[in-house]
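Please read them with the model open.

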Amino acid sequence: MMNLSRGRDAILEVKGVTKRFGGLVALNKVDFQVFQGEILGLIGPNGAGKTTLFNVVTGFYKPESGKVYFKGRDITGKLPHVISRLGIGRTFQVVKPFYGLTVEEAVKVGAYNHVKEKEGVGRRVKEVLEFIGLTPLSNRLCKHLNLVEIKRTALAQALAAKPDLLLLDEIAAGLTPTEINELIKLLRKINSEWGTTLCLVEHVMKFIMNISQRVTVLHYGVKIAEGTPQKVARDKKVIDAYLGAV
Ligand SMILES: Nc1ncnc2c1ncn2[C@@H]1O[C@H](COP(=O)(O)OP(=O)(O)OP(=O)(O)O)[C@@H](O)[C@H]1O
Ligand SMILES: [Mg+2]
């Protein structure tokens with residue numbers, strides 16, 4: 001069996017993380033790695049703890065125990081804006097529609113997290129809008145966008161801060177097969193041309209199995225499998241817990 005982790009540096013390392021909500025253990029001693037430069041899929045049934053894991057990594061939740069390391073540095077319990085500056089970006093499962101802002105303004109909000117001078121911000125925003133294919137919509141109000149456009153705007157906003165690691169929570173949900181294929185191309189381009197490491201939470205299996213180089217599976221807050229998409233798709237535990245039902 002090929003060892004996918006051999007010789008690779010983990011850009012993100014989650015060690016023994018436990019996160020509780022009252023009596024509910026949302027994450028139970030989870031060990032989880034994302035390797036530099038890879039595209040990793042994170043899957044599991046509803047309530048498995050996927051979004052909670054993103055929230056712990058990005059500082060929205062503090063774990064009861066365990067550690068989170070980013071590029072070898074302990075970031076456990078640091079505040080979201082600090083973690084964002086260090087180079088972890090994210091999009092949210094429930095898309096914020098940025099009411100009242102134009103597409104360009106929404107992306108600018110992301111860029112300010114990375115660039116200080118006004119000129120640099122303008123340049124970065126232009127570059128990202130062009131790369132994501134949003135230039136023609138720059139001046140459109142976000143409240144007038146359709147679902148695929150709002151998702152692209154959220155992606156552009158996160159990318160504007162030049163993250164080294166980008167966590168995407170259900171970015172393909174609700175998209176048509178054609179839109180999903182375009183999204184796959186775009187994400188591959190972000191990964192290969194900008195070198196951004198990607199971690200994707202998703203229920204759309206065609207999407208996750210197509211784009212991911214590695215897949216990690218959570219079930220009731222416990223990691224039950226990881227490996228190539230092919231290996232994970234054949235895993236009996238994964239089929240019983242999740243894939244059998246999808
Ligand atoms: N802020 C919170 N307060 C209380 N319980 C929470 C909170 N956030 C998540 N939970 C619970 O923790 C568990 C894990 O939730 P989480 O949102 O991480 O699941 P998920 O894997 O992202 O699921 P989905 O695929 O439905 O988005 C669930 O049982 C959920 O109800
Ligand atoms: Mg979720």
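1. Terms first. Buried means under 20% relative accessible area, exposed over 50%, and partly exposed in between (1.4 Å probe, protein chains only). Helices (H or I, at least four residues) and strands (E, at least two) are DSSP runs, numbered from the N terminus.

2. Basis. This is a predicted model: local features need pLDDT of at least 70, side-chain atom pairs count only at pLDDT 80 or more, and totals for chains, interfaces and linings use all residues. Residues are numbered from 1 along each chain as its sequence is written, and side-chain values use heavy atoms, with hydrogens and water left out.

3. Helix H1. Seven of the eight residues in H1 are buried. Among them are Leu53, Phe54 and Val56. Glycine 59 follows H1, with a positive phi near 85 degrees.

4. Metal site. Thr51 (OG1) and Gln93 (OE1) coordinate the magnesium ion (ligand 2) at 2.0 to 2.2 Å. Threonine 51 sits in helix H1 (residues 50–57) and glutamine 93 in the loop between strand S6 (88–90) and helix H3 (103–111), so the pair ties together parts 42 residues apart in sequence. Donors are N, O and S atoms within 2.8 Å of the metal (3.2 Å for Na, K and Ca); water is not among the atoms, so sites may look incomplete. Threonine 51 is partly exposed, at 25% relative accessibility. Glutamine 93 is also partly exposed, at 37%.

Notes:
Chains are lettered from A and ligands numbered from 1 in the order in which they are written.
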